[in-house]
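The sequence and the structure come before the entries.

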Amino acid sequence: MSQLILFNLFNGLIVGAFYALMALGLSLILNLSGVINFAHGGFLALGAYIAYTLMPYVGFWGALLIAPFLTAFLGIIIERLLIRRLYGRDPLYSLLLTFGLAYIFEDVSRYIWGAQSVPFIVPGFLTKPLSNSLFFLTGYRVFMVVLVAIAVAALFYILNRTRLGMRIRAGTMDLETVSTLGVNVRVLRNLNFGLGIFLAGLAGVLAAGLLGLQPTIGTSLIMPSFVAIIVGGLGSLPGTLLGGLLIGVASGLTTVFFPSATEAVMYVMMGLVLLLRPRGLLGEEGRL
Amino acid sequence: MSLLRVENATRAFGSLVAVNDVSLSVAPGKLQAVIGPNGAGKTTFFNLISGFFPPTSGKIYFDGKDVTGLAPHQRVQMGMARTFQITEIFPELTVRQNLRIPVEVAAGLRLRPWISRRMRDEIDARVVELMLQGNLEDKANRLVGELSHGDQRATEIMMALALKPRLLLLDEPTAGMGDQETYDITRLIRKLHREQSLAIVLIEHDMRVIFHLADRIMVLTEGRVLADGTPDEIAADERVQAAYLGESH
Amino acid sequence: MKGPGQRSTNALVVLILATMPFWMQYVGGYTELATQVLVMALAAMSLNFLLGFTGTLSFGHAAYFGLGGYGVAMIIKYIAPSTPLGILVGVAVGTIAAMVIGALIIKLRGVYFAMVTIAFGQVFFFIAFRWNSVTGGDDGLTNWKRQALDLGFTRVELLDHALTFYYFVLLIFLLAAACMALILRSPFGRTLLAIRENERKARFLGIPVEHHLWLSFVISCAFCSLAGTLYALLNNFIDPRALYWGQSGNFVIMAVLGGMRSFWGPLVGAAIFVVLQDFISSRTENWMSFVGLFFVLIVLFFPRGVLGMIRRRSSQ
């Protein structure tokens with residue numbers, strides 16, 4: 001029993017790490033640009049498919065390195081061509097636009113790579129269990145958690161220590177002041193969007209290695225990411241990280257005791273948080 | 001007895017104390033002006049009275065009842081109405097519609113999914129009366145967003161008046177207006193004050209307006225009360241002249 | 001809302017809808033498709049009660065739509081073979097859910113409100129999806145049929161007469177639309193306009209904004225679950241897709257496409273959307289791309305919607 005709990009706890013942590021990675025990207029874009037990027041799941045799937053396509057040529061490691069950058073580049077182009085036109089308008093419109101993009105991405109993925117799951121092969125040494133008693137603890141799972149941790153650490157380093165990051169954070173708090181200080185807000189939002197999409201692309205490559213790859217891979221991850229943002233606190237990136245891990249672990253544990261409520265539990269958590277702390281666990285005042 | 005009584009109100013935003021231990025008492029039917037340089041805390045003080053946010057410490061009484069913790073709409077129900085420094089109206093609705101909403105709220109109809117014809121006629125009559133008072137009758141069916149600044153301000157004041165308040169809070173009603181518009185608004189305020197013996201608290205920059213209208217004047221600087229008295233007393237007060245009148249004239 | 005042309009517009013709408021089954025075939029349709037237009041229009045109009053007339057974007061209305069559908073299906077399948085009872089229960093279920101969820105979310109605004117409505121919508125999707133024994137899970141609820149109406153003096157057969165069912169739906173649609181129009185033209189409806197135009201001002205005119213938003217949300221969801229009951233009855237079937245967020249998105253695009261600021265706008269949007277979707281999905285496997293492209297094009301080139309454009313042109 002305790003092994004089962006441990007297994008699901010760890011599973012929950014991994015899933016939570018995905019949610020967090022995805023939600024951090026969404027949060028970055030939402031906080032600076034006021035856009036709910038419904039196509040985030042679509043970008044995730046594209047990242048995974050790009051990696052899948054590259055793998056025969058550059059191997060797993062090369063694909064892992066290149067695919068997120070290509071995805072981010074695609075995000076930057078789409079932001080410039082489409083999403084940029086909608087800043088300052090009713091958020092309804094950017095929501096609908098990215099909603100439409102999500103449809104297109106999913107369908108295009110299906111058209112190019114097929115509706116069936118495609119094999120996404122990770123290096124053999126990563127798939128072996130690390131110990132006999134903890135059979136679920138494969139190298140790939142540990143590797144994923146470590147990589148997500150590195151990515152998150154790098155993100156917070158960028159936000160807190162680099163000029164771009166500090167501008168993003170300042171813009172999140174007061175865009176008008178930042179723009180009067182001579183920062184080009186259009187470029188800032190563009191790069192910020194790319195940064196968010198990079199995280200989606202990375203999450204895509206990692207998720208494909210664990211869950212297999214089919215066109216709907218992104219859609220199944222986007223709702224929990226919304227929940228992670230709401231639970232963690234609107235406007236707070238550490239909150240988003242916390243929210244993602246929390247709901248991942250909570251659904252992992254629920255699987256042990258009440259499997260049919262695996263998905264429902266995160267919504268129950270969301271309801272409780274909204275009831276007790278409408279701003280979310282680490283949400284800032286005035287950001288409702 | 002005073003209609004409005006503020007006792008030692010303080011409001012801090014982080015380390016900034018915007019309103020610091022301010023007390024004020026306004027008798028029924030009196031016109032109280034609040035003046036002070038920019039950043040003196042006048043609008044914050046107004047927000048405390050009207051319930052936009054609660055004070056950090058201190059109490060606010062209206063009509064003898066403690067209203068410190070009440071929401072804005074509850075204070076409106078008790079007879080308090082306000083206007084904003086930057087005109088707040090419903091720009092995409094007509095003058096008639098703008099006025100109709102507070103008239104219906106004041107008549108206790110806000111939750112009604114339908115009304116009788118007789119009731120509707122009464123509402124219409126009241127709306128027309130308000131438009132006449134505010135010199136807006138010929139613009140009844142224009143969108144408020146398209147009107148001149150002065151007419152928008154007049155609409156906003158009449159909307160507040162539609163609530164049948166006993167206390168009207170006016171935040172810089174002549175801000176950003178030309179001489180003619182300032183004159184019209186001042187005349188409107190004086191008319192309302194005299195004819196309906198309405199108590200008014202007025203924030204204003206224009207000294208002509210203040211000394212023309214006010215029964216009492218309170219001077220705020222850096223969140224504190226510098227002086228409080230009749231216009232003559234304030235005009236004679238050396239501290240006020242040094243701190244405020246001297247600068248602006 | 002009001003205006004000299006209002007009464008004649010209403011008459012025109014009723015006339016077009018009353019004759020729709022007879023000319024639908026000439027635009028490539030059939031009676032069931034006409035019924036579907038009405039059902040989707042009711043859902044989009046209920047959403048627009050909130051979006052266009054209260055100024056609040058809900059992206060999770062499919063939840064209440066689907067709850068209505070499951071309500072009617074379960075009543076007929078498990079409890080009592082009565083269409084009216086099923087509709088009543090379906091609406092009640094959707095409305096009660098909206099009351100609870102509405103109370104949790106009315107403090108939120110703008111994008112955050114939209115996001116939370118999306119997320120909450122999914123709860124019911126997962127319940128329907130997982131609770132196999134009762135809801136039929138992914139396969140949906142089958143093996144039940146809409147029942148004849150027993151009016152005492154006569155029985156109205158709904159099942160085998162597509163046309164009779166169309167007029168049954170039309171009757172409910174018109175009653176619901178009349179109800180919404182009445183509410184919007186009432187003092188309560190005007191407080192909603194006030195909140196849409198300037199929430200802060202509304203507050204300082206003595207309107208308890210949260211309470212009115214909650215009421216508006218509940219009313220909107222009640223009508224949406226009514227549409228959901230009709231949807232299930234139309235298909236004699238309901239499955240979790242009716243609850244899915246994709247469906248919510250469709251309602252929003254219908255409202256935007258037709259024109260959010262006009263009462264009948266969502267009807268126009270629903271008609272275009274339903275007919276187009278039927279046309280595309282019967283011709284290509286890649287209908288999702290077309291629907292997605294449709295969304296993108298509307299947002300970029302048609303943000304005011306059809307009626308919004310017409311109105312703008314005529315006022316110039």
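**Chain B, overall.** I looked up the secondary structure and found nine helices and 10 strands in chain B. Helices (H or I, at least four residues) and strands (E, at least two) are DSSP runs, numbered from the N terminus. I note that this is a predicted model, in which local features need pLDDT of at least 70, side-chain atom pairs count only at pLDDT 80 or more, and totals for chains, interfaces and linings use all residues. Residues are numbered from 1 along each chain as its sequence is written, while chains are lettered from A and ligands numbered from 1 in the order in which they are written.

I then checked the dimensions. The C-alpha trace of chain B spans about 60 × 40 × 35 Å along its principal axes. A compact globule of 249 residues would have a radius of gyration near 18 Å, and chain B agrees with its 18 Å. This radius is taken over C-alpha atoms, and the globule rule is 2.2 Å times the number of residues to the power 0.38.

I recorded burial next: 44% of the 249 residues in chain B are buried. A residue counts as buried if 20 or more other C-beta atoms, placed from the backbone, lie within 10 Å of its own.

**Domains of chain B.** The domain assignment gives domain 1 (1-79 + 167-249) and domain 2 (88-164); such bounds come from an automatic or database assignment. Their centres, taken over C-alpha atoms, are separated by 26 Å. The contact between them takes 10 residues from domain 1 and nine residues from domain 2. Two residues are in contact if their C-beta atoms, placed from the backbone, lie within 7 Å. On the domain 1 side, helix H6 (residues 179-196) of chain B gives the most, with five residues.

**Chain B against chain C.** I found 26 residues of chain B in contact with 19 residues of chain C. On the chain B side, helix H2 (72-78) and helix H3 (95-106) each supply at least two residues. H3(B) gives the most to that side, with five residues.

**Helix H1 of chain A.** Lastly I examined helix H1 (residues 2-33) of chain A. Its 32 residues should span 46 Å at 1.5 Å a residue, and the end C-alpha atoms are 45 Å apart, which agrees. The expected span is 1.5 Å times one less than the number of residues. Because 23 of the 32 residues of H1(A) are buried, this helix is largely enclosed by the rest of the structure. A:Gly34, whose phi is positive, near 65°, follows H1(A).

Conventions: A residue is buried if 20 or more other C-beta atoms lie within 10 Å of its own, exposed if 12 or fewer, and partly exposed in between; C-beta atoms are placed from the backbone.
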